[in-house]
Amino acid sequence: MAKFGLGRGLDDLEKEIGAIPDISVLTGTERVVVKQIPLNQIGANPNQPRKTFSDTELADLAASIREKGVLQPILLRTVAGQPYLYEIVAGERRFRASKLAGKTEIPALIKNLSDENTMEIALIENVQRENLNPIEEAGAYKNLMHECGYTLADIVRLIGKSESYIRNAMRLITLPDAVQTMIKNGELSASHARAIAVAENPIQLANEIVNKKLTVADTDKLVKTAKRSTKSRSFTAHTIDAKTLRTIESDIKSALKVPAKIIERRGGAGRIVLEYSSRIELDELVKKLTK
């Protein structure tokens, strides 16, 4: 699957979606002009990373639009099989505020874009402008990986942030829904949440942090004394003790009827080596493993 199909780097994309779009950068060899598009012909992007819009911010923007109009065109793509003709790629906030302002049309650039390109631009626009709450941002990264087959390296290159930043961001969506809601509402910071993501009882810790107004440093100390989740990297990275390894190897041998050896590597990874003494034994082993 081709990624970054727009054929341009992050700097060019920022020109496209920041300030006033650079038409020559956006269009490439394709002729695209700003058009006035009726609002009733436009639909929202179902994969828009940003799920929440401040009523106060929308009201302020609507007031500005009533006075000065929409200064930056939104970006649309054509769609089929929908009750509308165009789908928003970037600019849903301007679209919503224009409706609130009583406008019937909005200036727009219309571009033929794939689902992957649409998700790229929508994510970049929101991340670069810091429009997303931490849960929305993590969900957008996950969506790109699951829906478009992106790797972590793809997202790092697309967003321009470090691998550790992306990993830490995505840790937040492993937290229970109750804790994620606290993050969305601003009760719990992303830094606090990342600290408790490794704990077995994050809901209890989150409530304690909020009630006692703990700092991130206090939270780190609290987590060090709390029981770790068996799903956390710090837990799974621990080396399995020799006795447990021998027990596992014995269990595998009993189930498969062949000798087994576990070889661990750093970080909790490793491999299982199975031995067979004949082609017949191999055939039997394959049957058991693929059953």
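**Entry 1. Strand β3**

I began with β3 and found it mostly covered, with four of its five residues buried. I take buried to mean under 20% relative accessible area, exposed over 50%, and partly exposed in between, with a 1.4 Å probe and protein chains only. The model is a predicted one, in which local features need pLDDT of at least 70 and side-chain atom pairs count only at pLDDT 80 or more, while totals for chains, interfaces and linings use all residues. Residues are numbered from 1 along each chain as its sequence is written, and side-chain values use heavy atoms, with hydrogens and water left out.

I then looked up the partners of β3. Three bridges join β3 to β5, and these two strands run parallel. Ile74 has Ala108 as its bridge partner in β5. Four bridges join β3 to β4, and this pair runs antiparallel. Arg77 stands opposite Glu87 in β4. I note that two strands count as paired if DSSP finds at least two bridges between them. Helices (H or I, at least four residues) and strands (E, at least two) are DSSP runs, numbered from the N terminus.

**Entry 2. The sheet around β3**

In what order do the strands of the open sheet stand? I read the order as β1-β5-β3-β4-β2, five strands with mixed pairing. β1 (34–38) and β2 (42–43) stand at the edges with a single partner strand each, so one side of each is left without a neighbour in the sheet. I recorded for reference that strands of a sheet pair through backbone hydrogen bonds, either parallel or antiparallel.

For β1, I found five bridges to β5 (residues 105–110), and the two strands run antiparallel. Gln36 has Pro107 as its bridge partner in β5.

I looked next at helix α4 (residues 92–100), which lies across β2, β3 (74–78), β4 (86–90) and β5. α4 runs at about 120 degrees to β4. Axes here are lines fitted to C-alpha atoms, for helices over the stretch in contact, and angles run from 0 to 180 degrees between N-to-C directions.

Is Ser98 buried or exposed? Ser98 is found in helix α4, and it counts as buried because its relative accessibility is 0%. Leaving out residues up to four places away in sequence, Ser98 touches Leu39, Ile65, Val70, Lys103 and Ile106. Contact means heavy atoms within 4.5 Å.

**Entry 3. Helix α8 and its cover**

In helix α8 (residues 163–171), I listed Ile166, Ala169 and Met170 as the buried residues. Seen down the axis of α8, these fall within an arc of 95 degrees, so they line one face of the helix. The arc is that of the directions from the helix axis to the C-beta atoms. The cover over these residues includes α6 (134–148) and α7 (152–159).

I then checked how α6 meets α8. Their axes come within 8 Å and cross at roughly 105 degrees, and the two helices are therefore roughly perpendicular to each other. Angles under 35 degrees count as roughly parallel, over 145 as roughly antiparallel, 65 to 115 as roughly perpendicular, and the rest as oblique. On α6 the contact is made by Glu137, Ala138, Tyr141, Lys142 and Met145, and on α8 by Tyr165, Ile166, Ala169 and Met170.

**Entry 4. Helices α9 and α11**

Helix α9 (residues 177–184) packs against helix α11 (residues 202–212) at an angle of about 30 degrees, with the axes 9 Å apart. That angle makes α9 roughly parallel to α11. Ala178, Val179 and Met182 of α9 make the contact with Pro202, Ile203, Ala206, Asn207 and Val210 of α11.

**Entry 5. Two lysines in loops**

Lys213 is found in the loop between α11 and α12 (216–225), and it counts as exposed because its relative accessibility is 74%. Its phi is near 55 degrees, a positive value in a residue other than glycine.

Lys257 is found in the loop between α14 (242–256) and β6 (260–264). Lys257 has a positive phi of about 70 degrees although it is not a glycine, and it is exposed, with a relative accessible area of 58%.

**Entry 6. The whole protein**

Of its 291 residues, 41% count as buried.
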